[in-house]
Amino acid sequence: MTQTELTITGMTCGHCQTSVTHALRAVPGVTDAHVNLSAGTATVHGTAQPDALIAAVLDEGYGAQVTHPK
């Protein structure tokens, strides 16, 4: 299992945070995801590919990029 750190842009409220969290958790291979609204980051655990995580966030209308693949 890996941990991927993402920088998320465009989140402005708790609803945004919830939307991004649900989108990330719905990606096949994700075992857990935590989104920090104030820091604009997400920590994702599992075997999902970073491109799939970014695509899920983009589909919700937010920006994303990998900060620390581990």
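# A chat about a predicted model

User: Which residue in E3 is the bridge partner of Asp32?

Analyst: The bridge partner of Asp32 in E3 is His45. Please note that this is a predicted model.

User: In what sense do E2 and E3 pair, and over how many bridges?

Analyst: They pair in the antiparallel sense, over six bridges. Strand E2 covers residues 30–36, and strand E3 covers 41–46. Another pair of partners here is Val35 and Ala42, the latter being in E3.

User: How many residues sit between the strands in the hairpin of E2 and E3?

Analyst: There are four residues between the two strands. In this hairpin, Gly40 takes a positive phi near 70°.

User: What about E1 and E3: how do they pair?

Analyst: E1 and E3 pair in the antiparallel sense, with six bridges between them. Within E3, Ala42 stands opposite Leu6. Ala42 is also the bridge partner of Val35.

User: Let us stay with E1. Where is Glu5 found, and is Glu5 buried or exposed?

Analyst: Glu5 is found in strand E1, which spans residues 2–9. Glu5 counts as buried because its relative accessible area is 15%, and the cut-off for buried is under 20%.

User: Changing topic: how many cavities of 30 Å³ or more does a search of the whole structure find?

Analyst: The search finds one cavity of 30 Å³ or more. The largest cavity holds about 40 Å³ of space.

User: Which residues line the largest cavity?

Analyst: The lining consists of Thr2, Thr4, Gly29, Val30, Val44, His45, Gly46, Thr47, Ala48 and Leu53.

User: How does the lining divide by class?

Analyst: The lining of the largest cavity has six polar residues, four nonpolar residues and no charged residues.

User: Now the helix. Where does His15 lie, and is His15 buried or exposed?

Analyst: His15 lies in helix H1, which covers 14–25. His15 is classed as exposed because its relative accessible area is 58%, and exposed requires over 50%.

User: How far apart in space are His15 and Leu37?

Analyst: They are 9.8 Å apart, C-alpha to C-alpha, and 22 residues apart in sequence.

User: What of Leu24: buried or exposed?

Analyst: Leu24 also has its place in helix H1. With a relative accessible area of 0%, Leu24 is buried.

User: How far apart are Pro28 and His15?

Analyst: The C-alpha to C-alpha distance in space is 22 Å, and the two residues are 13 residues apart in sequence.

User: Last topic: what feature does UniProt place at residues 2–65?

Analyst: According to an unreviewed UniProt entry, the feature there is "domain: HMA".

User: How much of residues 2–65 is helix and how much is strand?

Analyst: The span is 34% helix and 38% strand. The C-alpha atoms at its ends lie 16 Å apart.

Terms used
Residues numbered from 1 in each chain as written. Predicted model: local features only at pLDDT ≥ 70, side-chain atom pairs only at ≥ 80, totals over all residues. Heavy atoms only, no water. UniProt positions renumbered as here; feature names shortened; annotations may be inferred. Buried < 20%, exposed > 50% of the residue type's maximum accessible area, 1.4 Å probe, protein only. 1 Å grid on protein atoms, 1.4 Å probe; cavity = no way out; pocket = protein on both sides within 12 Å on 5 of 7 lines; lining within 4 Å. Points joined across faces, edges and corners; volume = space filled by probe spheres on them. Nonpolar A, V, L, I, M, F, W, Y, C, P; charged D, E, K, R; others polar. Pairing = 2+ DSSP bridges.
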